[in-house]
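Here's a quick tour of what the side chains are up to in this one. Have the structure open and follow along.

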Amino acid sequence: MAEYLASIFGTEKDKVNCSFYFKIGACRHGDRCSRLHNKPTFSQTIVLLNLYRNPQNTAQTADGSHCHVSDVEVQEHYDNFFEEVFTELQEKYGEIEEMNVCDNLGDHLVGNVYVKFRREEDAERAVTELNNRWFNGQAVHAELSPVTDFRESCCRQYEMGECTRGGFCNFMHLRPISRNLRRQLYGRGPRHRSPPRSHTGHRPRERNRRRSPDHRHGRF
């Protein structure tokens with residue numbers, strides 16, 4: 001019996017534990033879910049809840065009407081956000097193996113940032129310190145996540161451009177970063193070594209990636 005229960009833990013056959021929370025670290029039912037959300041006491045992965053704000057969903061003019069933001073501007077805004085969060089977390093807490101940002105629209109997934117550190121101790125320290133911080137005018141809500149294999153968490157139909165549920169899909173729709181930024185952050189050599197700083201104290205940026213004055217980010 002014990003072996004059977006262990007084999008179905010976190011699967012759809014498990015009538016006690018929530019399979020969505022086990023796979024994705026989030027559940028659309030939240031605290032009202034009829035199954036248990038077993039929050040880990042240790043993990044390599046943390047989640048920063050609802051941290052990323054897509055300007056296409058939030059941009060407004062002074063009179064409150066929706067402001068059009070181009071796909072190019074959104075990608076630039078996202079790359080700047082991703083680089084800033086990735087670099088600062090790696091400098092402060094330790095080597096990052098993987099970082100992913102949800103592009104879903106459901107309240108339980110929208111803007112979630114998942115960061116998988118190489119060491120569990122680094123993840124634990126990050127959660128403790130980040131919950132006392134603010135970013136871009138909002139309080140940071142960080143917690144350990146059960147997600148370690150993002151292949152199990154992602155929507156395969158979305159990756160093939162075939163998801164019919166759109167932004168309200170219950171599996172992760174992970175927003176990709178640009179190729180240049182991916183090479184820069186996940187390139188060869190030790191990833192704990194940050195890009196060199198100039199004499200002004202700022203990290204050099206690629207010339208073709210300008211920071212838009214309308215899309216500034218706060219720091220932790």
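## A charge over a ring

A charge counts as sitting over a ring if NZ of Lys or CZ of Arg is within 6 Å of the ring centre and within 35 degrees of the ring normal. Arg 175 does this with Tyr 78, sitting over the ring face at 5.4 Å from its centre.

Before going further, some ground rules: this is a predicted model, where local features need pLDDT of at least 70 and side-chain atom pairs pLDDT 80 or more, while totals for chains, interfaces and linings use all residues. Residues are numbered from 1 along each chain as its sequence is written, and side-chain values use heavy atoms, with hydrogens and water left out.

## Aromatic pairs

Rings of Phe, Tyr and Trp (its six-membered ring) pair up if their centres lie within 6.5 Å; planes under 30 degrees apart are stacked, over 60 edge-to-face, and the rest tilted. That gives eight aromatic pairs here. One of them is Phe 20 with Phe 171, a tilted pair at 5.4 Å centre to centre with 50° between the planes. These two are 151 residues apart: Phe 20 is in helix H2 (residues 19-24), and Phe 171 is in the loop between helix H7 (156-159) and H8. Helices (H or I, at least four residues) and strands (E, at least two) are DSSP runs, numbered from the N terminus.

Tyr 52 and Tyr 78 make an edge-to-face pair, because their planes are at 70°, with centres 5.2 Å apart.

Buried means under 20% relative accessible area, exposed over 50%, and partly exposed in between (1.4 Å probe, protein chains only). Tyr 52 is buried at 4%, and so is Tyr 78 at 0%. Phe 20 comes out partly exposed at 29%, as does Phe 171 at 25%.

## The nonpolar cores

A nonpolar core is a set of buried Ala, Val, Leu, Ile, Met, Phe, Trp, Tyr and Cys residues joined through side-chain atoms within 4.5 Å. The largest has 30 residues, and Ile 46, Leu 48, Phe 82, Met 99 and Leu 130 touch the most other members. Helix H4 gives the most to this core, with eight residues. There's also a second, separate core of eleven residues, including Val 47, Leu 109, Val 147 and Phe 150.
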